[in-house]
Amino acid sequence: MSNDNTPKTAKDTHYAKLRRAHRDEKAGGAPAFRPRQRVPPGENAADGLVRLYGLHTVRAALDNPRRRIKKMLVTRNAAERLAIADLAALPFKAELVEPKEIDKITGSDAVHQGVLIEAEPLKPKRLDALGDTKLVLVLDQVTDPHNVGAILRSAVAFGAGALITTARHSPQESGVLAKSASGALEHIDQIEVKNLADALGQLHEAGFQTIGLDSDGPAELETSFSGEKIALVLGAEGKGLRQKTRETVTTLARLDMPGAIRSLNVSNAAAVSLYAARAFLKRG
């Protein structure tokens, strides 16, 4: 009797490959590899709606009472992973579909994980609705939705109370941004301002130290913190902070990077800066 639990040796694996190759040769050769055909994204969502996809993104949206969902497309497997037992019990239209049906909408390059929703975008808040948080992030014309999504994820992870962006030159809520945020979009206040310099002035009046991240900043970030409230200000990749922003912040500081590369992607810089700021505030 053979023992199925006998460990396979390298020689066993080698001979198994030879046997498979011999069988394939007798059968006319191994089946040719057929790459998956790329499907382009379909039409945009109806006016006033956004499409969000991915398990973490949709789960967070389902759990957010502020989110108004209108429609869901979901595969059987994704419904199980989202713990949705009865689609008919959901307070919006939900349809069980095959993955290719979602591909036709998002495009095959999007990692939708078998679920997509159409929903109303979350309404940005005003700066005077900031609340009593001690840590916020401010973005000075960071336009890449992948970066903004990753920044949102870090902001939530490190307990920032809000993300402040400008009404212009900032990405709108989208599936790409939400997927990069991995659910964080539903867990942090997003504040939209018309004039960033005026907003920084309001933060100063509210007791915030505003620290602009700049690779040529005169001081290291870790030695620049003071006070009980911190607003970290980051600029777009390449351009960095605008001159008016540089002149308005309380402090310009740099991340100390002794290695051969002297700058980070803005989302990575945000994560490092948030960690340092949170560590300082915990000591207070």
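Which residues have the most contacts inside the largest nonpolar core?

1. The model is predicted: local features need pLDDT of at least 70 and side-chain atom pairs pLDDT 80 or more, while totals for chains, interfaces and linings use all residues. Residues are numbered from 1 along each chain as its sequence is written, and side-chain values use heavy atoms, without hydrogens and water.

2. Met 72, Leu 152, Leu 221, Phe 225, Ile 230, Leu 232 and Leu 234 have the most contacts inside the largest nonpolar core, which has 52 residues. Such a core is a set of buried Ala, Val, Leu, Ile, Met, Phe, Trp, Tyr and Cys residues joined through side-chain atoms within 4.5 Å; buried means under 20% relative accessible area, exposed over 50%, and partly exposed in between (1.4 Å probe, protein chains only). Because domain 1 (50-120) and domain 2 (127-282) both give residues to this core, it lies between them. The domain bounds come from an automatic or database domain assignment.

3. Another core, apart from this one, has 18 residues, including Leu 130, Val 138, Leu 200 and Val 249.

4. Asp 140 is buried, at 1% relative accessible area. Its side chain makes a polar contact with the side chain of Arg 242 (2.7 Å); a polar contact is a pair of N or O atoms within 3.5 Å, where within protein one must be able to donate a hydrogen and the other to accept it, and residues adjacent in sequence count only if both atoms are side-chain atoms. Beyond its neighbours within four places in sequence, Asp 140 is in contact (heavy atoms within 4.5 Å) with residues including Leu 196, Leu 234 and Thr 245.
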